[in-house]
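Here is a short briefing to read with the model open beside you.

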Amino acid sequence: TGTITDDQNGTYPVDDDAQTAILIGDAVSVEEANGNYLVYEVTLANAVANDVSASIAPTGGTATSGDDYSATLEYFDGTNWVALNATGDITIKGDATEAVQVRVAVTDDAITEGAETVVLGSSSTDTQVSDTTDTGTGTITDDQNGTYPVDDDAQTAILIGDAVSVEEANGNYLVYEVTLAN
């Protein structure tokens with residue numbers, strides 16, 4: 001008779017050999033406006049022996065960084081929103097009981113456009129992580145108002161063209177073309 005004992009060096013009841021995947025939930029859709037945020041929840045698929053270090057960053061989508069959203073991501077530390085460092089490092093509790101909230105600030109622009117997306121992905125060199133392929137998608141909807149498809153904060157200029165010369169006489173008129181720049 002022999003006995004096999006586990007080398008369970010992790011926090012009971014999690015085996016130190018356990019591996020997990022990083023999961024990123026989709027953000028709730030928001031309207032394009034300064035002060036609005038796409039908020040994603042980052043979690044582990046299952047508990048592992050220790051906290052997990054990961055990097056979070058935009059990995060795709062149709063929205064443009066700097067134009068449609070801020071390139072600086074923030075995470076919630078339990079009290080305040082804090083800017084992520086340049087590499088996007090966060091720590092996810094190894095017991096998989098808490099999600100880390102990460103947010104992306106939406107930027108209002110004066111362009112009438114369809115809905116745009118921001119996709120967040122993760123990477124990790126932590127040996128407890130076996131999969132970082134999951135992504136979360138957030139949608140920014142345009143803030144155009146009314147029935148005519150023009151963004152409510154679009155600005156324009158009035159252009160007045162030159163009139164064609166006319167001879168001075170009753171019934172002759174100078175005609176100017178007045179248009180909007182966009």
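G60 counts as partly exposed in this predicted model, because its relative accessibility is 29%, which falls between the 20% limit for buried and the 50% limit for exposed. This glycine belongs to strand β4, which covers residues 52–60. From there the briefing moves to the strands around it, then to the other sheet, a pocket and a loop residue.

**G60 and its surroundings**

- Which residues does G60 touch, once its neighbours within four places in sequence are set aside? They are T117, V118 and V119.
- G60 and T117 are 57 residues apart along the chain, and their C-alpha atoms are separated by 8.1 Å.
- The strand that holds G60, β4, pairs with β9 (residues 116–123) in the antiparallel sense, over 5 bridges.
- Along this pairing, A57 has G121 in β9 as its bridge partner.

**The chain as a whole**

- How many helices and strands does the protein chain have? It has 0 helices and 13 strands.
- Read from the N terminus on, the elements therefore run β-β-β-β-β-β-β-β-β-β-β-β-β.
- The protein chain has 182 residues, and buried residues make up 28% of them.
- Take the contacts between residues at least 6 apart in sequence: 67% of these join residues at least 24 apart.

**The sheet of 5 strands**

- β4 and β9 sit side by side in an open sheet of 5 strands, ordered β2-β11-β9-β4-β7.
- The pairing in this sheet is mixed.
- The edges are taken by β2 (30–31) and β7; each has a single partner strand, so one side of each is left without a neighbour in the sheet.

**The sheet of 6 strands**

- In what order do the strands of the other open sheet follow one another? The 6 strands are arranged as β6-β5-β8-β3-β1-β10, and here too the pairing is mixed.
- At the edges you will find β6 (81–83) and β10 (129–131), each of which pairs on one side only.
- On average, neighbouring strands of this sheet are turned by 35 degrees against each other, direction ignored.
- As you follow side chains along the strands, keep in mind that in a regular strand they alternate between the two faces of the sheet.

- β1 (residues 20–24) and β10 run parallel and are joined by 2 bridges; the bridge partner of A21 in β10 is D131.
- β1 also pairs with β3 (residues 37–44), in the antiparallel sense and over 3 bridges, with I24 standing opposite V42 in β3.
- β3 and β8 form an antiparallel pair with 6 bridges, and E41 stands opposite Q101 in β8.
- β5 and β8 are antiparallel as well, with 4 bridges between them; L73 faces V104 of β8 across this pairing.

**Enclosed strands**

- Why can β1 be called largely enclosed by the rest of the structure? The reason is that 4 of its 5 residues are buried.
- β8 is likewise largely enclosed by the rest of the structure, because 5 of its 7 residues are buried.

**The largest pocket**

- The largest pocket has a volume of about 220 Å³.
- Its lining is made up of D51, Y75, F76, D77, G78, T91, I92, K93, E98, A99, V100 and Q101.
- Which strands each supply at least two residues of this lining? They are β5 (69–76), β7 (89–92) and β8 (100–106).
- Sorted by class, the lining has 5 nonpolar, 3 polar and 4 charged residues.
- Q101 links two topics: this lining residue of the largest pocket is also the one in β8 that E41 stands opposite.

**A loop residue to look at**

- A96 lies in the loop between β7 and β8.
- Its phi is positive, about 60 degrees, although A96 is not a glycine.
- Is A96 buried, partly exposed or exposed? A96 is partly exposed, because its relative accessible area is 30% and the limits are under 20% for buried and over 50% for exposed.

Terms used:
Residues numbered from 1 in each chain as written. Predicted model: local features only at pLDDT ≥ 70, side-chain atom pairs only at ≥ 80, totals over all residues. Heavy atoms only, no water. 1 Å grid on protein atoms, 1.4 Å probe; cavity = no way out; pocket = protein on both sides within 12 Å on 5 of 7 lines; lining within 4 Å. Points joined across faces, edges and corners; volume = space filled by probe spheres on them. Nonpolar A, V, L, I, M, F, W, Y, C, P; charged D, E, K, R; others polar. Buried < 20%, exposed > 50% of the residue type's maximum accessible area, 1.4 Å probe, protein only. Contact = heavy atoms within 4.5 Å. Pairing = 2+ DSSP bridges. Axes fitted to C-alpha atoms, helices over the stretch in contact; angles between N-to-C directions.
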